[in-house]
Amino acid sequence: MSSSKKVIVITGASQGLGAGMVKAFRDLDYKVVATSRSIKPSTDADILTVAGDIGDPAVAQRVIREAIERFGRIDTLVNNAGIFVAKPFTAYTQEDYAAVLSVNLNGFFYITQLAITEMEKQGSGHVVNITTSLVDHAIDGVPSVLASLTKGGLNAATKSLAIEYAKRGIRVNAVSPGIIKTPMHGEETHEALGNLHPVGHMGEISDIAQAVVYLDSANFVTGEILHVDGGQSAGH
Ligand SMILES: NC(=O)c1ccc[n+]([C@@H]2O[C@H](COP(=O)([O-])OP(=O)(O)OC[C@H]3O[C@@H](n4cnc5c(N)ncnc54)[C@H](OP(=O)(O)O)[C@@H]3O)[C@@H](O)[C@H]2O)c1
């Protein structure tokens, strides 16, 4: 298989931010490996879809194996799959806790190990983790400790891996969104959610896709948590 174009793996790619990134990177002529539980085959020969639960290590193995079989290399991995369960701390069930850790942490861990193994063979690569500015800026009235627990871990792991792999040609960054107009948030909530940002409105999917595109081209940037959050992390 030809390996002339860059190859990007995007998790959580069936809708929302992930689907926006698939489009943004196809527009840049990347070959894309798109994965999520419900993702359907694509008619575009440069998009490989792999369906499965990203918290399952066997699915992570299948995604990376099929990516290499089809496209021969992995230049970039975007760990975008994530779930958000906002509840008062004591209302979280064991099932909530297990589900959020499975997607947000296991879904990062297994596939990132396998992708970085391929990147090491190539001597280059880039990992981007999608986190949340709730980590830096908890919001009164939006109790969501499981988002902070898991995405805060990803922010910390971003810096740790950036340093571990800095001399091996592999960069690791994060994009920390504010609240973005995706299927995660119904239309009826947009005005109230917009008011939770200093700029007074929610972000667009393209705001996050552009940030990931920027990081992928920014060869001197690693260990960065790029806040794309309408000022949330700066203050309120
Ligand atoms: N939207 C926001 O305001 C916002 C703010 C901060 C951070 N984020 C983060 O940005 C990322 C994307 O959010 P979004 O708003 O685009 O969410 P979304 O519209 O709910 O999409 C989530 C994606 O993740 C996939 N997914 C969920 N559970 C999965 C599992 N067990 N295995 C594999 N894939 C799974 C879903 O596909 P399937 O259902 O097909 O599996 C879907 O493609 C998440 O990590 C989220 O935490 C979003």
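Predicted model: local features only at pLDDT ≥ 70, side-chain atom pairs only at ≥ 80, totals over all residues.

Residues are numbered from 1 along each chain as its sequence is written, and side-chain values use heavy atoms, with hydrogens and water left out.

**Helix packing**

Helices (H or I, at least four residues) and strands (E, at least two) are DSSP runs, numbered from the N terminus. Axes are lines fitted to C-alpha atoms, for helices over the stretch in contact, and angles run from 0 to 180 degrees between N-to-C directions.

| Pair | Angle | Axis distance |
|---|---|---|
| H1 and H6 | about 55 degrees | 9 Å apart |
| H2 and H3 | roughly 30 degrees | within 8 Å |
| H3 and H4 | roughly 15 degrees | within 10 Å |

Angles under 35 degrees count as roughly parallel, over 145 as roughly antiparallel, 65 to 115 as roughly perpendicular and the rest as oblique. A crossing is left-handed if the near helix is turned anticlockwise from the far one by less than a right angle, and right-handed if clockwise. Contact means heavy atoms within 4.5 Å. Ala, Val, Leu, Ile, Met, Phe, Trp, Tyr, Cys and Pro count as nonpolar, Asp, Glu, Lys and Arg as charged, and the others, Gly among them, as polar.

Take H1 (residues 16-27) and H6 (residues 205-217), whose axes meet at about 55 degrees. That angle makes H1 oblique to H6. Their crossing is right-handed. H1 brings Gly 16, Leu 17, Gly 20, Met 21, Ala 24 and Phe 25 to the contact, and H6 brings Ile 205, Ile 208, Ala 209, Val 212, Val 213 and Asp 216. By class, the residues of this contact are 9 nonpolar, 2 polar and 1 charged.

H2 (residues 57-71) crosses H3 at roughly 30 degrees. The two are therefore roughly parallel to each other. This crossing, too, is right-handed. Pro 57, Ala 60, Gln 61, Val 63, Ile 64 and Ile 68 of H2 touch Tyr 110, Ile 111, Leu 114, Ala 115 and Glu 118 of H3. The contact of H2 with H3 has 9 nonpolar, 1 polar and 1 charged residues.

H3 and H4 cross at roughly 15 degrees. H3 is thus roughly parallel to H4. The crossing of H3 and H4 is right-handed. The H3 residues that meet H4 include Val 100, Leu 101, Leu 105 and Phe 108, and those of H4 include Leu 146, Leu 149, Leu 154 and Leu 161. The contact of H3 with H4 divides into 12 nonpolar, 3 polar and 3 charged residues.

**Cavity and pocket**

On a 1 Å grid over the protein atoms alone, a cavity is a set of points where a 1.4 Å probe fits but cannot get out, and a pocket is an open set with protein on both sides within 12 Å along at least five of seven lines; lining residues have an atom within 4 Å of a point. Grid points are joined across faces, edges and corners, and a volume is the space filled by probe spheres set on the points.

There is 1 cavity of 30 Å³ or more. The largest cavity holds about 40 Å³. Its lining includes Thr 11, Asn 79, Val 103, Asn 104, Phe 108 and Leu 154. H3 (residues 94-122) gives the most to this lining, with 4 residues. The lining has 4 nonpolar, 5 polar and no charged residues.

The largest pocket has a volume of about 960 Å³. Its lining counts 38 residues, with Asn 80, Gly 82, Ile 83, Phe 84 and Met 184 nearest its centre. H1, strand E2 (31-36), H3 and H4 (145-165) each give two or more residues to the lining. H1 gives the most, with 3 residues. The pocket lining divides into 17 nonpolar, 18 polar and 3 charged residues.

**A strand residue**

Thr 49 lies in strand E3 (residues 47-51). Leaving aside neighbours within four places in sequence, Thr 49 is in contact with Ala 34, Ile 39, Lys 40, Pro 41 and Ser 42.
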